[in-house]
Amino acid sequence: MGLFQSFNISASGMTAQQFRSDIIAENLANVKTTRTEDGTPYRRKVVSFQERGVNTFDRYFTESKKRGSHIGNGVKVSDVIEDESTDFIMEYDPSHPDADENGYVSYPNVNLVTEMTNLIDASRAYEANITAFGASKAIAQAGLQIGK
């Protein structure tokens, strides 16, 4: 693995976790949104990741495949999906303008505890990538000092 590849891997992780944090913040901001442009309550969004592709012409990739080992190239956001598996939260409030004929209002399927837990997870993953980036930087600096 090249030195700059380790920087790219850490940077891709930081970028992905920042995007995940932005989506979580959007979920938290819309916790009480009962009507979107399409007339339905806001649906919680979830980010999914996948491995970034490795350049098949990279000699490290070629050698790695020969040895049967695996070499990664970071992570990327593959999709942002709406959470269809959980139902909207129904609350009785007949005075609400979005109440149905029985007086119930459908609130988004956003759970504050889940979102805050996911936000902490994204923050810790971001910090781990910062630490890995810093370690790669220290290794590069140590290598440059050897050449003095």
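## Asn129 and its surroundings

Asn129 touches Ile9, Ser10, Gly13 and Met14, leaving aside residues up to four places away in sequence; a contact means heavy atoms within 4.5 Å. The structure is a predicted model, in which local features need pLDDT of at least 70 and side-chain atom pairs count only at pLDDT 80 or more, while totals for chains, interfaces and linings use all residues. Residues are numbered from 1 along each chain as its sequence is written, and side-chain values use heavy atoms, with hydrogens and water left out.

Asn129 belongs to helix H3, which covers residues 112-146. With a relative accessible area of 18%, Asn129 is buried (under 20% is buried, over 50% exposed, and partly exposed in between, using a 1.4 Å probe and protein chains only).

## Overall architecture

The protein contains 3 helices and 4 strands. These are DSSP runs numbered from the N terminus, helices being H or I of at least four residues and strands E of at least two. Along the sequence their order is α-β-α-β-β-β-α.

Of the 148 residues in the protein, 27% are buried. Among the contacts with a separation of 6 or more, 66% are between residues 24 or more positions apart.

## Salt bridges

The whole structure holds 6 salt bridges, each a side-chain nitrogen of Lys or Arg within 4 Å of a carboxyl oxygen of Asp or Glu. One of them joins the side chains of Arg20 and Asp121, at 2.9 Å from N to O. Because Arg20 lies in helix H1 (residues 3-29) and Asp121 in helix H3, this pair ties together parts that are 101 residues apart in sequence. Arg20 is buried at 14% relative accessible area, whereas Asp121 is partly exposed at 41%. Another salt bridge brings together the side chains of Lys45 and Glu26, at 2.6 Å from N to O. This pair links distant parts of the chain, with Lys45 in strand S1 (residues 45-51) and Glu26 in helix H1, 19 residues apart. Lys45 is partly exposed at 22% relative accessibility, and Glu26 is partly exposed with a relative accessible area of 27%.

The side chains of Arg44 and Asp83 also form a salt bridge, at 3.3 Å from N to O. Arg44 is in the loop between H1 and S1, and Asp83 is in the loop between strand S2 (75-82) and strand S3 (89-92), so the pair connects parts that are 39 residues apart in sequence. Salt bridges with shared partners join Arg44, Asp83 and Glu115 into one network. Arg44 is buried, with a relative accessible area of 13%, and Asp83 is buried at 8%.

## Aromatic residues

The structure has 3 aromatic pairs (ring centres of Phe, Tyr or Trp, the last by its six-membered ring, within 6.5 Å; planes under 30 degrees apart are stacked, over 60 edge-to-face, the rest tilted). Phe4 and Phe7 form a tilted pair, with 6.0 Å centre to centre and 55° between the planes. Both lie in helix H1, 3 residues apart, about one turn of the helix. Phe4 is exposed at 62% relative accessibility, whereas Phe7 is buried, with a relative accessible area of 16%. Phe4, Phe7 and Phe133 make up one aromatic cluster.

Two charged residues sit over ring faces: Lys32 over Tyr107, at 4.9 Å from the ring centre, and Arg43 over Phe88, at 4.3 Å from the ring centre. The criterion is NZ of Lys or CZ of Arg within 6 Å of the ring centre and within 35 degrees of the ring normal.
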